[in-house]
Amino acid sequence: MNDYELSWVPSKLPLEKPFYKSIYQSLYDDILTGVLKPHDQLPSQRELSYFLDIHFTTVTHAYDLGLKNGLLYTEKGRGTFISPNGISDHTIQGKEGVNDLGILNVTSVENSSAEFYVKEAIKNIPVKKLLRYFTNSSLDESYAGATQK
């Protein structure tokens with residue numbers, strides 16, 4: 001056990017199995033609630049694994065999931081940090097409900113799953129309504145002003 005405080009500890013202890021998902025969910029929740037802020041540094045994987053008394057690779061797996069989902073970023077030789085735009089709304093509301101699109105990266109690579117959901121989401125929806133932009137907190141002000149002119 002360490003004699004010093006870590007920069008972050010999962011808020012829901014003891015962890016539930018599978019541990020890596022529990023660590024990831026705590027990261028997600030703490031980012032969403034503002035406990036963890038953009039560019040905050042996380043404890044090293046080894047430090048957190050010692051503190052939680054779990055295997056190092058379990059923390060690695062949780063951090064990798066955070067990297068994959070855009071919650072975290074790393075700097076070689078410095079550590080793992082909270083991404084400045086890790087949690088944002090990536091959904092399109094359609095007639096049948098909400099489709100989570102994740103982050104669509106427009107490249108030359110085709111993404112047939114995303115294409116299908118986008119086409120389904122925009123069927124019978126006026127373009128003005130489709131392009132309405134919401135953040136997690138409110139209607140984007142710049143869009144609101146532009147559409148009311």
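1. Buried means under 20% relative accessible area, exposed over 50%, and partly exposed in between, with a 1.4 Å probe and protein chains only. S83 has a relative accessible area of 11%, so S83 counts as buried.

2. This is a predicted model: local features need pLDDT of at least 70, side-chain atom pairs count only at pLDDT 80 or more, and totals for chains, interfaces and linings use all residues. Residues are numbered from 1 along each chain as its sequence is written, and side-chain values use heavy atoms, leaving out hydrogens and water.

3. Confidence first. The mean pLDDT (the predictor's confidence in each residue, from 0 to 100) is 77 for the protein, and 63% of its residues reach 70 or more. Over residues 135–147 the pLDDT is below 50. Beyond near neighbours in sequence, that stretch has 13 contacts (heavy atoms within 4.5 Å) in the model. Where pLDDT is low, the predicted coordinates should not be read in detail.

4. Next, the fold. The protein has six helices and four strands. These are DSSP runs numbered from the N terminus: helices are H or I, at least four residues, and strands are E, at least two. Along the sequence the pattern is α-α-α-β-β-β-β-α-α-α.

5. Of the 149 residues, 28% count as buried. Among contacts with a separation of 6 or more, 48% come from residues 24 or more positions apart.

6. Back to S83. S83 sits in the loop between strand 2 (79–82) and strand 3 (91–94). Its side chain reaches the backbone oxygen of G70 at 3.3 Å. Leaving aside residues up to four places away in sequence, S83 touches P38, G70, L71, L72 and Y73.

How values were computed:
Polar contact = N/O pair within 3.5 Å; in protein donor to acceptor, adjacent residues only side chain to side chain.
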